[in-house]
Amino acid sequence: TRQLASRVNTLSPSTTLAITAKAKEMKASGIDVIGLGAGEPDYNTPDNIIEAAYTSMKEGKTKYTPSGGLPTLKDAVIAKLENDQGLHYLRNEIMIGIGAKHVLYTLFQVMINPGDEVIIPSPYWVSYPEQVKLAGGVPVHIEGKPEAHFKVTAEQIHDAVTEKTKAIIINSPGNPTGMIYSEDELNQIANVCKEKDLWIISDEIYEKLIYGDEKHVSIAQLSEDAKKRTLIINGVSKSHSMTGWRIGYIAGDATVVGAMTNLASHSTSNPTTTSQYAAIEAYNGPQDAVETMRKDFESRLDRVYPQLAAIPGFKVIKPQGAFYLLPEVTEAMEKTGFANVDDFAEALLTKANVAVIPGSGFGSPNTIRLSYATSIELIEEAIRRIHSFVKEKW
Ligand code: PLP
């Protein structure tokens with residue numbers, strides 16, 4: 001009788017958090033570990049945002065807000081979507097939540113019936129399948145192959161659709177891949193979703209972290225039909241280095257957003273009031289810090305990408321966005337005697353003192369993920385360590 005609910009029995013712990021915890025433990029015991037596991041920018045939140053949060057508290061804005069978020073923050077999000085994407089939304093089509101992660105969680109809770117299928121391209125962000133399962137749904141994985149730059153095609157999606165398919169998740173720029181779907185690719189995907197009448201969940205959290213000549217296109221921008229079926233997920237975590245503030249949003253269908261807001265009213269009441277005031281400043285205030293961080297990430301990428309690619313047995317595609325590198329390490333594992341990426345990552349941590357995330361948790365069992373959201377000196381030293389480790393064991 002005193003057993004856990006069956007819904008948590010299939011829940012896998014986040015591999016990202018597990019490795020990061022182990023690396024922190026080693027560090028605390030005096031071992032010089034370099035952590036490349038981070039999923040967050042290594043900058044502090046810009047000062048103007050911190051000031052705005054402080055001022056709001058001093059002004060007594062420390063009470064509950066409407067469950068779906070402050071109207072002024074919704075307006076700031078509406079203005080952002082208008083300016084950046086040329087998309088028009090009304091307040092009842094926006095909900096502010098506790099980070100994009102919890103917005104997605106709430107979305108699956110209101111969208112999924114037991115047995116409903118959600119198509120999740122791999123490599124994927126670890127929480128998608130777990131959240132779908134928690135809602136009683138079935139994750140259906142289709143593989144973004146390395147030769148296709150880890151992206152799936154409209155044809156693959158078409159072939160994966162059954163009468164139970166409810167939605168597909170598109171994450172561009174992607175975690176862990178760093179890849180961006182082109183407008184043409186998105187158009188083809190939108191066409192399949194129209195034909196099969198699917199929801200499109202478009203996770204655009206890395207929108208502002210884009211390099212080279214790439215640009216971000218939201219699938220919702222492509223047509224009226226695409227907009228109608230797309231639920232945009234985004235937030236301030238990665239764009240404004242505000243991971244700890246926990247503010248994200250959804251923009252899309254008013255019925256879905258209404259149900260989510262209703263659910264939030266019984267589960268969270270509202271996202272932290274102070275964080276909402278901070279997010280208003282993040283969207284309405286000066287944006288130069290966003291661009292400064294983007295440029296810095298880009299120069300780190302340009303510098304370390306060739307160093308990583310030079311490691312024997314590592315095949316790396318240069319990412320177009322986000323702050324992760326995802327080398328395919330099949331040959332390196334073979335030549336150094338590791339059976340799988342979990343063991344390889346474990347050895348890198350305990351023998352080379354570098355924490356990376358094994359791709360197994362992302363549905364990508366031949367890759368490891370390195371985050372370059374840390375100082376250039378540390379990334380370069382970490383890559384040197386990995387290089388010598390591989391060379392020694394080769
Ligand atoms: N979506 C993706 C693809 C992510 O990588 C992350 C964070 O790691 C999130 C969503 C969640 O972001 P938030 O901090 O807004 O919950």
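Which helix supplies the largest share of the shell around the ligand? Helix α4, residues 99–111, does, with three residues. Before going further, keep in mind that this is a predicted model: local features need pLDDT of at least 70, side-chain atom pairs count only at pLDDT 80 or more, and totals for chains, interfaces and linings use all residues. Residues are numbered from 1 along each chain as its sequence is written. The helices (H or I, at least four residues) and strands (E, at least two) are DSSP runs, numbered from the N terminus.

Let's stay with the ligand for a moment. There are 13 residues around the ligand, and Gly99, Ala100, Lys101, Asn175 and Ser237 come nearest. A residue is near a molecule or strand here if its C-beta atom, placed from the backbone, lies within 6 Å of it. What kinds of residue make up this shell? It divides into three nonpolar, eight polar and two charged residues. In this scheme Ala, Val, Leu, Ile, Met, Phe, Trp, Tyr, Cys and Pro are nonpolar, Asp, Glu, Lys and Arg are charged, and the others, Gly among them, are polar.

Now look along α4 itself. Its 13 residues should span 18 Å at 1.5 Å a residue, and its end C-alpha atoms are 18 Å apart, which agrees. The expected span of a helix is 1.5 Å times one less than its number of residues. Which residues of α4 are buried? They are Gly99, Ala100, Val103, Leu104, Tyr105, Thr106, Leu107, Phe108 and Met111. A residue is called buried if 20 or more other C-beta atoms lie within 10 Å of its own, exposed if 12 or fewer, and partly exposed in between, with C-beta atoms placed from the backbone.

Helix α10, residues 273–284, is another one to find. Its 12 residues should span 16 Å at 1.5 Å a residue, and its end C-alpha atoms are 17 Å apart, which agrees. This helix is mostly covered, since nine of its 12 residues are buried. Among them are Tyr277, Ile280 and Tyr283. What covers the buried residues of α10? The cover includes α2 (47–58), α3 (71–85) and β2 (94–97).

Time to zoom out. The chain is divided into domain 1 (6–44 + 289–389) and domain 2 (63–284), with bounds that come from an automatic or database domain assignment. Taken over C-alpha atoms, the centres of domain 1 and domain 2 are 25 Å apart. Where the two meet, 33 residues of domain 1 are in contact with 30 residues of domain 2; contact means that the C-beta atoms of two residues, placed from the backbone, lie within 7 Å. On the side of domain 1 that touches domain 2, α1 (15–28) and α11 (288–309) each supply at least two residues. The largest share of that side, six residues, comes from α11. By type, the residues of this side of domain 1 divide into 14 nonpolar, 13 polar and six charged.

There is also a record to set beside this. UniProt, in an unreviewed entry, lists residues 32–386 as "domain: Aminotransferase class I/classII large". UniProt positions are given in the numbering used here, feature names are shortened, and annotations may be inferred rather than shown by experiment. Over residues 32–386 the chain is 43% helix and 14% strand, and the end C-alpha atoms are 14 Å apart.

Next, some backbone details in the loops. A cis peptide bond joins Ser122 and Pro123, with omega about -5°, and Pro123 lies in the loop between β3 (117–122) and α5 (127–134). The bond from Asn175 to Pro176 is cis too, with omega near 10°. Pro176 sits in the loop between β5 (165–171) and α7 (183–195), and Asn175 is one of the residues that come nearest to the ligand.

Asp197 has phi near 55° and lies in the loop between α7 and β6 (199–203). Ser241 has phi near 50° and is found in the loop between β7 (230–235) and β8 (248–251). Are these residues buried or exposed? Asp197 counts as exposed because it has 10 C-beta neighbours inside 10 Å. Ser241 is buried, because 22 other C-beta atoms lie within 10 Å.
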